[in-house]
Amino acid sequence: MNLEAFILGCGGMMPLPNRHLTSVLLRREGELFLFDCGEGTQVSLRRLNLRWKKISAIFISHTHADHVTGIPGLLMLSSQVDRDEPLYIIGPPKIADYIEANRRVLDMYINYEIIVQEITSPGIVYKGDGFHVRSFPLSHTKPCYGYTLEEETRPGEFHPEKAAALNIPMGKLWGKLQKGETIQTPDGREINPNEVMGQPRMGRKFSFVTDSLPLQEISTHIIGSDLFICEGMFSNALAEDAYSKKHMTAVDAAKLAAFSSGVKKLGLIHYSPRYTEYDLKKILEEAKEIFPETVLTRDRMVFPIEYID
């Protein structure tokens with residue numbers, strides 16, 4: 001089952017020619033999930049040829065303009081195609097007000113169901129087939145949340161040679177064992193799946209954090225992330241400025257990744273518009289000194305997230 005992250009926008013505060021505002025799309029098989037929806041999101045969706053009508057849910061970190069200004073256009077765009085499934089929009093308090101105000105003032109034509117859920121307490125906010133999305137609080141100038149998408153544990157590897165040695169007929173019984181079901185053979189024996197299956201295997205994990213002080217608690221939520229997308233808005237030289245605005249530096253993001261067990265890759269995002277490409281390379285160098293598996297995200301960059309076993 002494919003799992004991919006698409007960077008639709010990597011910029012913060014204001015859009016630049018090569019940096020749309022922050023937005024990340026996660027594609028799990030054919031289902032799409034959007035994390036923040038800054039200005040320019042539609043442009044990257046179009047250029048990547050992604051089927052926006054397959055977006056099941058939008059997860060918003062907070063209601064500052066550079067994280068939500070792409071939503072109205074996306075809602076209107078979705079009315080141009082046939083859509084049978086509802087669209088979930090999940091975020092902090094006032095996200096419902098924002099959606100309703102835009103629908104009313106812009107007199108939007110919407111021909112599908114929109115379900116807005118405001119987060120009142122952290123925890124699981126969305127469940128799907130074999131995975132869930134969990135929210136956790138951040139510390140910004142207004143209510144803000146980070147998110148993880150975590151897959152459930154997968155069954156262990158099936159060993160056909162063990163099934164054959166137990167004289168289990170090939171076919172439906174093998175399939176049931178692979179699904180974790182106990183079976184009864186034609187000769188009346190009961191076979192438990194652990195007799196022919198290996199140890200359970202971990203699913204994959206994606207984490208998204210932007211616009212926050214570098215809280216130590218974040219580490220507990222991003223443990224085991226195959227891909228950790230985190231703001232790197234400021235260089236370390238501007239750490240004091242970052243903290244006064246309740247942001248973090250790229251070094252802070254790298255420390256979170258380094259001190260959180262099992263994080264495999266860090267993608268920096270939400271750069272200050274003050275930084276040129278030369279500046280960003282310096283920021284990357286600062287982060288890589290602490291967490292070598294760090295990359296600068298760019299608009300329309302794609303990250304495949306693979307199983308490790």
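This is a predicted model: local features need pLDDT of at least 70, side-chain atom pairs count only at pLDDT 80 or more; totals for chains, interfaces and linings use all residues.
The residues of α10 that are buried are Leu280, Ile283, Leu284 and Ala287. Around the helix axis these residues cover an arc of only 105 degrees, which puts them on the same side of α10. Such a pattern can be understood from the geometry of a helix in general: an α-helix has 3.6 residues a turn, so residues three or four places apart point the same way. On the face of α10 that is turned away from the buried side, one finds the exposed residues Tyr278, Lys281 and Glu289. The length of this helix can be checked as well, because at 1.5 Å a residue the 14 residues of α10 (residues 277-290) should span 20 Å, and the end C-alpha atoms are 21 Å apart, which agrees.

A second place to look is where two helices meet. Two packed helices are described by the angle between their axes and the distance between the axes. For helix α3 (residues 71-78) and helix α4 (residues 95-105), the axes come within 10 Å and cross at roughly 60 degrees. That angle makes α3 oblique to α4, and the crossing of the two is right-handed. On the α3 side the contact is made by Ile71, Pro72 and Leu75, while α4 contributes Ile95, Tyr98, Ile99 and Asn102.

Leucine 138 lies in the loop between β8 (131-137) and β9 (145-151), and its relative accessibility is 10%, so leucine 138 counts as buried, the cut-off being under 20%. Leaving aside residues up to four places away in sequence, leucine 138 touches Cys144, Tyr145, Gly146, Val209, Thr210, Asp211, Ser212, Leu215 and Ile218. Aspartate 241 is 103 residues from leucine 138 along the chain, and the C-alpha atoms of the two are separated by 18 Å.

Two further loop residues can be read side by side. Glutamate 29, found in the loop between β2 (23-28) and β3 (31-35), has a positive phi of about 55 degrees although it is not a glycine. Asparagine 49, placed in the loop between α1 (41-47) and β4 (55-59), also is a residue other than glycine with a positive phi, near 55 degrees. As for accessibility, glutamate 29 is partly exposed, with a relative accessible area of 46%, whereas asparagine 49, at 67%, counts as exposed.

Methods: Residues are numbered from 1 along each chain as its sequence is written. Side-chain values use heavy atoms; hydrogens and water are left out. Helices (H or I, at least four residues) and strands (E, at least two) are DSSP runs, numbered from the N terminus. The expected span of a helix is 1.5 Å times one less than its number of residues. Buried means under 20% relative accessible area, exposed over 50%, partly exposed in between (1.4 Å probe, protein chains only). The arc is that of the directions from the helix axis to the C-beta atoms. Contact means heavy atoms within 4.5 Å. Axes are lines fitted to C-alpha atoms, for helices over the stretch in contact, and angles run from 0 to 180 degrees between N-to-C directions. Angles under 35 degrees count as roughly parallel, over 145 as roughly antiparallel, 65 to 115 as roughly perpendicular and the rest as oblique. A crossing is left-handed if the near helix is turned anticlockwise from the far one by less than a right angle, and right-handed if clockwise.
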